[in-house]
Structure formats: structure tokens, C-alpha cells
Amino acid sequence: MAAHTSQSVAKAAGDDVENNDAAARGRSRLADGRNTGTGNKNGARGGLRRALATHWYAWTMIAPVVLVLGVIIGWPLVRGVYLSLTDANERNVARTIGVRHIDATYRFVGLDNYTAVLGDPVFLQRLVWTVVWTVACVSITFTIGLALANMLNRDFRGRAAYRMALILPWAVPGFVSVFAWRFLFNRDNGILNKVLDGGGISAIPWLDDPTWAKFSVIAVNVWLGVPFMMVALLGGLQSIPGELYEAAEMDGATPWQRFRHITLPGLRSVSMTVILLSTIWTFNMFPVIFLLTRGGPGDSTEILVTQAFREAFITSPRDFATSATWGVLILALLMIFALVYRRSLRKQGEVW
Amino acid sequence: MTTRTRGRRAPLASVGLHATLVVASVIAVFPVLWILLTSLKPAQHAITTDFVKEPTLANYTYLLESSHFLSWFANSVLVAGVTTVLGVFIAATTGYAVSRFKFPGMKPLMWTLLITQMFPMAILIVPLYNLMGDLGLLNQPVGLIITYLTIAVPFCAWMMKGFFDTIPVEIDESGRVDGLNPFGTFWRLILPLAKPGLAVTGFYAFITAWGEVAYASAFMVGEENLTLAGGLQTFVTQYTSNWGAMSAASVLIAIPAAVFFLFAQRHLVAGMTAGATKG
């Protein structure tokens, strides 16, 4: 079953690439044909009408999503930005207590929240830790995933069983895994400390000491992230033609040279994607931090996202305006990241 | 795919390979296994290091009879299920349109879909919370469903584009030759072919909603209104630790998901990387 799976990953990955290319080629053909056809027919009419005639199918098809995104993302987004410019908190927003409705009394305060947040050393502290956390998690996850994928890509007995075991963490819902780890990490009763104790090592305060807590949250996130990385990279590895390795071997390339000059370039497109995805996921990885340490001990493992959550839902009085400000800042950071990433992809000739 | 034969591995290298993989597998499996074993121990032995000690199903009977586990489970199924169906339904035609047509507004749409996947929680949670409060939907499954659509819709559209891309465009062309308009082509030819892709997208949307923590923690209060993500937190708080119930609940949540997942995973990766690389 598992051997079959591996073959299919390879095949699926390979097929996808080919089909995508074919589809892309076919698509541009189709689009070109339609464009020239309608262009000739409607040469004299207005641009808008021509666009409507050509594209109304597509526009009708995307309408539901545009509508839904506008209402449930667009509107809250605008309101979120607006809230970040006010002094809204639990006490002055509109609310209904029993049958009595109290109107909102918060005021517009301009950029005060931004100066307050950016002027507070806490922001820089959170930002630095968030970046450290993201870079550490993504790079460690990628390295381990790549190493395991390379091992599993060889032919040996039992690899199906190994792959099954290694994928398991991905199959368990994240919050369940995090609770499992909280149990293992428990200072007095956790199995990790019991084992250390058996070896004569004194208990480690996994989640109760700032440094160990940082280590622990990274370890758990790596544990959660490796399977996805490994499976994606394994798919990439299996789509690299074996002839390349044979030719290189004939030419006397060492294993390291083969890895460096065949494997890594061959994996580039897959790597780019998984690194982008896991960077974004990790940057916003709320559950691991929230459920494992609640940002603690103190505030030592609080990342930007959990800080935004804390402002609105944990501290008292709930500070909606500050939370929205953190939210806007996080969005700005991620958009800058996406733009830089896209530019670097462009430079290297990727699709978009 | 042919298997490469690259000479024989030295015995030492072979030992190293197996040793590394054994260690990695143990690390991957152990936490899950340990929770399973703990769930079968009587509560007073939950924190012992014995692998099995007086195995019992007491934790499970406690969970099902004396806790709100079943209502959390029902809430989660309801919220995640409706989110999935609505998300796939709304997003299907969009995935097709961006896969097949070039039209003004396509690039901004693709970017919106991508960017909305990056940020929703932190920036949307406060306005959505206030909005749901105004509408009286806090603590209601409906409120959580609407909220989860902010995640599911962009995601489903993005992922389905990847699946539609894998269907040869020649099929569309033959449909057009036979006189179908794009809606007919989509509905009669492409959608049936894309069923596995829709299923995988739906499955992904389901487990995303199933495992969501932030909105669920903020929007749902009161023991019986919680979803599983919120409910599990109540077993292990700052003050109480009911590790027995926690582990039993974990097993009941994880095993069906894990079994299903291990069957579906090869499609999951293919779809996601295809959709993402081809923008």
C-alpha cells in the first residue's frame, strides 16, 4: 500500500507538471483564438462592451467568490483598519446588555495607536522573536524534511513502513498534537522529565523557563511541519530523471556533487513553494504558541499574532483598537514579504 | 518511475540509514502512541511511565457520559461540514475561470486569493467579533461558519484551480465544438472529471475548519457551545489537568482523521503544490 503510494506521489507530481504545462499552452492558445476572433468582430464597438462580450463568462463565474470575499473579508478588513484609528475597547463599543442597547462611544484618534505600538519596545521584541521563530522553524523543518526525503527516495527494505510512520504527525489534527506535547513536556509528570530523571538528569522546565519554552515551541512546530515538507520534497525528488544521476556518476561526480548540482536544482520549484507556504504558516502559527505556552512564561514566546489575540481577548479591558493595529502591522509585514519574494522569483524567471 | 540502481551501499552506510530512520520514526510516532496508551490507563496512573498498566476504557466512558465531548463533537462536525460544502460550492466556478480564461481582473483576483490566505486571523478577528456580536451570532455555529468561510473560500478557489489545471484543455475544446457554452462545458464535462479534486479540496477545507483554534477560542464560550479545539482546552487549564480525559478525547478526535488522512495524503500534496507553483 505504502509502496504504491510513493509511486503515485511521484507519478502524480510528474503528471501534474506535464499537464499543467499542456494546460497552460492550451489555455493561451484558446485565449488567443478567442481574442483575435472577437477583436475582428467587435472592432468598432466601445471597449467596455467588447470586454463584456469577451469576458462575461469568466466574470459571472468569479462573481460568487468576489461577492463573498467583499462582504466577509473586504468589509471587516476596512473596519479593522478603521478600528485601528480609534480608541475602541470593550467599554466603549456598541453592545447589548440584556434588552438595553448601548451605542458606541469610541473616538477617532488618528495614528495614535500606531505611534503607541511602534514606540513601545514590546513591538520590536515580538517582531524579533517572530522572525527568529519563523526562520528557525522553516530552516530546521526544511533541512530535516530534505534529509528524510533523500533517505526515503532510495530503494531499501522497509521504506514503506518508515514513510508511514514519518507522515503520522501530519495526519493528527494540530491542536491534538500540541496537547499531546504539552503532556509530554509537563514539568512534574511529563514522560520527558521522567526519562531524564531515570538517567539521573534533573528535570528540565520545558515550558516554564523562557529559553526552554522557546526551544520547546520550535521543536513542536518542527515536529508538526516535517511530514508535509518531506512528502512534498519526496514528490519533487522522484520527478528528477534517474539518467541525470547515472550520467553524473559516469563522469565521476561524488555523492555531494550529485546532490549539489542535480538534486538541489531539480527541487528548486518545489522548494520555493513549500518554503513560501511554510514561512507564511509559521509566521501566523497561532495554535502552537497559544495552546502550548499561551505566550508564556510571562510573554517570552508571544509572537505577533498571539499578541494581537491577547490584546483583544485576554487582557482586560479588551483593547480592540490596539489589537486591530497589531493586525494591520502584521498584514503590512506579510505583504512586504510577499512582494520581495515575488520579485526574487521574477528575477530567477519563475512564472509569477 | 524507474528505480535507480546506484551500486550497492556499504553495510555501514546501510546501518546508518536505518538507524537514522528508526530514530526519526520513533520521534514521529511516540507522542501519538503515548497519548493512546495514556488514554487506556486508569486516571490515577495517567502520569506513570509504564507503557500499559491495568488497561481500562474508564476515560472513554467518562468522556462520553460525563463531559460535553459529544456536543463539542457535534458542533465541530456541523461547523466544519457546512463550511466545507459552502466553500467548495462557492469557489468551484472561480477555480475553473482562473484556470481556463484570461480576463481583466484575473491577476488581482489571484493575488487577493493568495494574500487573504496569509493574513485573515490577526486582522479580521476583532471586526468579525464585533460584527458577530452586533448580529447576535457569537456563540452560534452560524457565526463560526461565516467566519470560517473567510478562510475556506480563497483556499478552495486556489486549490481547485490547481486541479482544473490538470484536466487537459482539449476536453473543453471538444465541448465547445459540440456547441456547449463555457457553463455547459464546466458543468457537464469538467466538474465530473474534477470530482476527486473537489473531494480533496473539500477534505482539506474540512480539516482546516476542524483544527481551527483562534476564532473558536474567541467566539465560542460556555461549556456546551465549544468546538473540539475549545473543548480540549478545558481538560487542561492552569488549575486542573485531567490528562486521562484529555488523552481519550485526543484519540477520538485523531484516529478517524488520521486514518482518512493517510489514504488521502498523496492527493493533498499533489494538489497543493500544483496550485501554488503555477500561480
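This note covers surface patches and salt bridges in a predicted model.

1. Nonpolar patch. On the surface, B:Leu33, B:Leu36, B:Ile255, B:Val259 and B:Phe263 make up a nonpolar patch, together presenting about 430 Å² of accessible area. Helices α1 (11–39) and α12 (243–277) of chain B each supply at least two of its residues, and α12(B) gives the most, with three. B:Leu36 belongs to helix α1 of chain B; its relative accessibility is 31%, so B:Leu36 counts as partly exposed.

2. Salt bridges in chain B. The count over all chains is six salt bridges. One of them joins B:Asp172 to B:Arg100, with the closest N and O atoms 3.0 Å apart. B:Asp172 lies in helix α7 (residues 169–177) and B:Arg100 in helix α3 (residues 69–100) of chain B, so this pair ties together parts 72 residues apart in sequence. Both B:Asp172 and B:Arg100 are buried.

3. A bridge within one helix. B:Lys161 and B:Asp165 form a salt bridge at 2.6 Å, N to O. Both residues lie in helix α6 (residues 141–165) of chain B, four residues apart, or about one turn of the helix. B:Lys161 and B:Asp165 are both buried.

4. Salt bridge in chain A. A:Arg258 pairs with A:Glu249, the closest N and O atoms being 3.9 Å apart. A:Arg258 is buried, at 9% relative accessibility, whereas A:Glu249 is partly exposed, at 31%.

Key
Residues are numbered from 1 along each chain as its sequence is written. Chains are lettered from A and ligands numbered from 1 in the order in which they are written. This is a predicted model: local features need pLDDT of at least 70, side-chain atom pairs count only at pLDDT 80 or more; totals for chains, interfaces and linings use all residues. Side-chain values use heavy atoms; hydrogens and water are left out. Patches are made of residues with over 30% relative accessible area and no salt bridge: like charges are joined within 9 Å, nonpolar side chains (Val, Leu, Ile, Met, Phe, Trp, Tyr) within 5 Å. Accessible areas come from the Shrake-Rupley method with a 1.4 Å probe; for residues, only the protein chains shown count as cover. A salt bridge is a side-chain nitrogen of Lys or Arg within 4 Å of a carboxyl oxygen of Asp or Glu. Buried means under 20% relative accessible area, exposed over 50%, partly exposed in between (1.4 Å probe, protein chains only).
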